[in-house]
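The following exercises are to be worked with the sequence and coordinates at hand. Each task is followed by a solution in steps.

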Amino acid sequence: MIDFSVDESGTSGTLLLSGSLTIQHALALKEALVRAGSEVKQVVINLDQVSSLDLTALQLLCAAHRDWIKAGKKITREGNVPDIVNRVVRESGFVGCSAGNDAIGLWTGASN
Amino acid sequence: MAVEIDTSAFTEEAYELLSELEDSLLELEERPTDIELISRVFRAMHTIKGSGAMFGFDEVAKFTHEVETVFDMARSGSLPVTKALIDLTLAARDQIRSILDASRGGPPANQDNANRIIAGLRALAPQKGGAAAVESKAAAPKAETDGPHVFRVRFEPRPEIFSSGTNPLLLLNELRDMGQCRVVALTNALPSLEDLDPERCYTQWEIFLTTTQGENAIRDVFIFVEDDCTLNVRLLDRDEAQEDAEPKKLGEILLERGDINEEALGKALTPLGDRLVNAGVVSADKVRAALTEQRVVQEQKQQQSKAAEVDAVVRVPSTKLDKLVNLVGELVTVQARLNQISGRLNNQHLQLVSEEIERLTGELRDNTMSIRMLAIGSTFNKFKRLVRDLSTELGKQIELTTAGADTELDKTVIDQLNDPLVHIIRNSIDHGIEKPDVRALTGKPLVGQIHLSAVHSGTSVLIQVKDDGKGLDPQLLRRKAVEKGLLSPDAVLSDPEAFMLIFGAGFSTAEKITNVSGRGVGMDVVRKSIESLRGTIDVQSQLGIGTTITLKLPLTLAIIEGLLVGVNHDYFVLPLAAVEECVELSPQDIANSHGRRIVNVRGEIVPFIRVRERFAMEGERPVIEQIVIANVDGRRVGFGVDTVVGQHQTVIKNLGDSFQYSDEFSGATILGDGTVALLLDLARMVRYVELQETKETGG
């Protein structure tokens, strides 16, 4: 499930990602990320319930993360980064943020 | 013309490998599922087989092949490592050793034994698949003997690769199965989110794979996507195969890969990665990939150098080494003379040169001595097998633990230490450690412990054999000694003195003689061997608790720290390690002792031997004599001399044949002015004086 909700103030939005983030859902993920980037100044990302993801999701998250940093958006995370996410980040070589900013701890690939 | 092949290199190596093989097998017995150990055993046999065939040792090669074939099944997991397999492989190891011994003039190896071992091993092998399957497996591991290499794989999939149903991450995982893998994703082609087509692949990879497999195997992983990607596979560590090549610097790697040009590199130096990225010359991903490459290659190089350390050994016959030590000894002596002469002449130029030579000689001496120093661990390891076999033979359960295996000792000392330690350990197993049922009755753990340890103590090494067996009974020892006529019935012995009786010639308390011990020969030999090494023995024991035998040995036999003393116009050296203090003996002291050779040291009465009297030397005693008090076999004994000159670095020279009956001297040294000083064997002096006194008093 991919869901984006904006709080009452309209400045902060939470992107709730769960279930399978694979190529079948890549378009929906892109749309949610674009919306989050365009609608709020602060993005809260929640990956807690992600059960699988593939390279398409990693590319989208990486591109969004990069854009948001460039745009000066505040990005935070709620919940944990599931093991499966860390493992795919690690195995795909996406460890380390090329923008040098991994405040949300998504790109560590660390085993919990 | 027939070509003579020097086979000694092979036999030397094979003996070492057999020793390693034995250690590994004993370890494997404790950890039978340890794949690394199984591989180590296999490698040792594989090398013996290969080198054996190369040097014409066909019998070794043929026999080892049979054993290796079965052990390879253990390596592949089709045969479990059991005690039976270990027993047979150990027996095979002994058989290989017998074949080697036979080639060096020893008794011929027993072929029946070889056949029995092979039959036993074959019986262990699973029947399914038959001999052909076994053969093919034995040949298989060849590729692995080449050692691992680092490959850089640059994988650039076409953006449309997802449409063919390919998941590039699965390919990366396949590579991961081939060895140690570091993956760096290059994401610089990733567009902004807005422009990103989520069904296209924008990522490329650099993968650093450390593997024993070749380039073709790597390419095979990508065989189904070869039209959908650009693939570049490069062996990284081949360029750096030369021993002295430094791992490439980050800048060099980026340059070589064409990621930056020299101008950019020149502009941005430290910290290079950050500055290059900031300058916009190269992406952070590429720097990350280059850093990964640098790290992987360095790690691989470290691994290789670790392995090379084992191989980077020059074998030199020990006789050459002995000659070198002798020459260095001569040099030290000549240098001392030079020092003395330059001091006397008071010539500044000469003094400068002399000091420089002194420094160099000192370094040369220390280096030469260090070459002869070997870790005692290899000797310790031999005893694991001894304990295993003997305890099985005697129906006992014994665990041998060791400590201080890396303690270094002079090679000569180590060589001569083996037999005494064998005797002591055999004795512990046979007489010390009780059988499990006896131990159970006394509330001890069923498994007996023998702890073998080595530790440096000043210029000596203490080697301890400690067991938790039944301990020594001083009363029984006294009684046996009296029965055998080794001790007079009225002799008074302290417990430690009674314990030392076990080292007497012909002494044994064993009720029955076994194959292992009980003939009263071994422990006598131990004492003689240790004394010939200028060492001492100490025994501590508690009845029912256990025994600890401590051997105190000099670090080296070639150069020792000595105390130089003078008697008349002659000089003697006492081993400094034994010396405890020096006191003066005045005419008043002599008068107080009423003719007995004793000195009162702070209330303690210490007997002493006058060196002048002992060796019937001419000349008058000085008014005040010097008594050097030394620890001899655990007792304080004084040695009366005229003067104490001081500490002296003593290069020990062997005495010629004319001194063969004068065993109160254990060697000689040449002093700076060319004078010869004799090295006193304090323990023997004390023993001879005691013997003489016993005869004189008719005791």
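**Exercise 1: The interface**

The contact between the chains takes 23 residues from chain A and 26 residues from chain B, two residues being in contact if their C-beta atoms, placed from the backbone, lie within 7 Å. The model is predicted: local features need pLDDT of at least 70, side-chain atom pairs count only at pLDDT 80 or more, and totals for chains, interfaces and linings use all residues. Residues are numbered from 1 along each chain as its sequence is written, while chains are lettered from A and ligands numbered from 1 in the order in which they are written.

Task: Determine which helix supplies the largest share of the side of chain A that touches chain B.

Solution.
1. Helices (H or I, at least four residues) and strands (E, at least two) are DSSP runs, numbered from the N terminus. On the side of chain A that touches chain B, α1 (26–39) and α2 of chain A each supply at least two residues.
2. The largest share, eight residues, comes from α2(A).
3. By class, this side of chain A divides into 12 nonpolar, seven polar and four charged residues. Here Ala, Val, Leu, Ile, Met, Phe, Trp, Tyr, Cys and Pro count as nonpolar, Asp, Glu, Lys and Arg as charged, and the others, Gly among them, as polar.

**Exercise 2: The largest nonpolar core**

Task: State which residues of the largest nonpolar core touch the most other members.

Solution.
1. A nonpolar core is a set of buried Ala, Val, Leu, Ile, Met, Phe, Trp, Tyr and Cys residues joined through C-beta atoms within 7 Å; a residue is buried if 20 or more other C-beta atoms lie within 10 Å of its own, with C-beta atoms placed from the backbone.
2. Among the 68 residues of the largest core, those touching the most other members are A:A57, A:L58, A:L60, B:L175, B:W205, B:I207 and B:L209.
3. Helix α2 (residues 55–70) of chain A gives the largest share of this core, nine residues.
4. Beyond its neighbours within four places in sequence, A:L58 is in contact with A:L53, A:V88, A:V89, A:S92 and A:F94.

**Exercise 3: A sheet of chain B**

Task: Identify the edge strands of the open five-stranded sheet in chain B.

Solution.
1. The strand order is β14-β17-β18-β16-β15, with mixed pairing; two strands pair if DSSP finds at least two bridges between them.
2. β14 (579–585) and β15 (598–601) of chain B each pair on one side only and are the edge strands.
3. Within chain B, β16 (residues 604–610) and β18 (residues 635–641) pair in the parallel sense over three bridges.
4. B:I609 stands opposite B:F639 in β18(B).

Definitions and conventions:
Buried ≥ 20, exposed ≤ 12 C-beta atoms within 10 Å, placed from the backbone.
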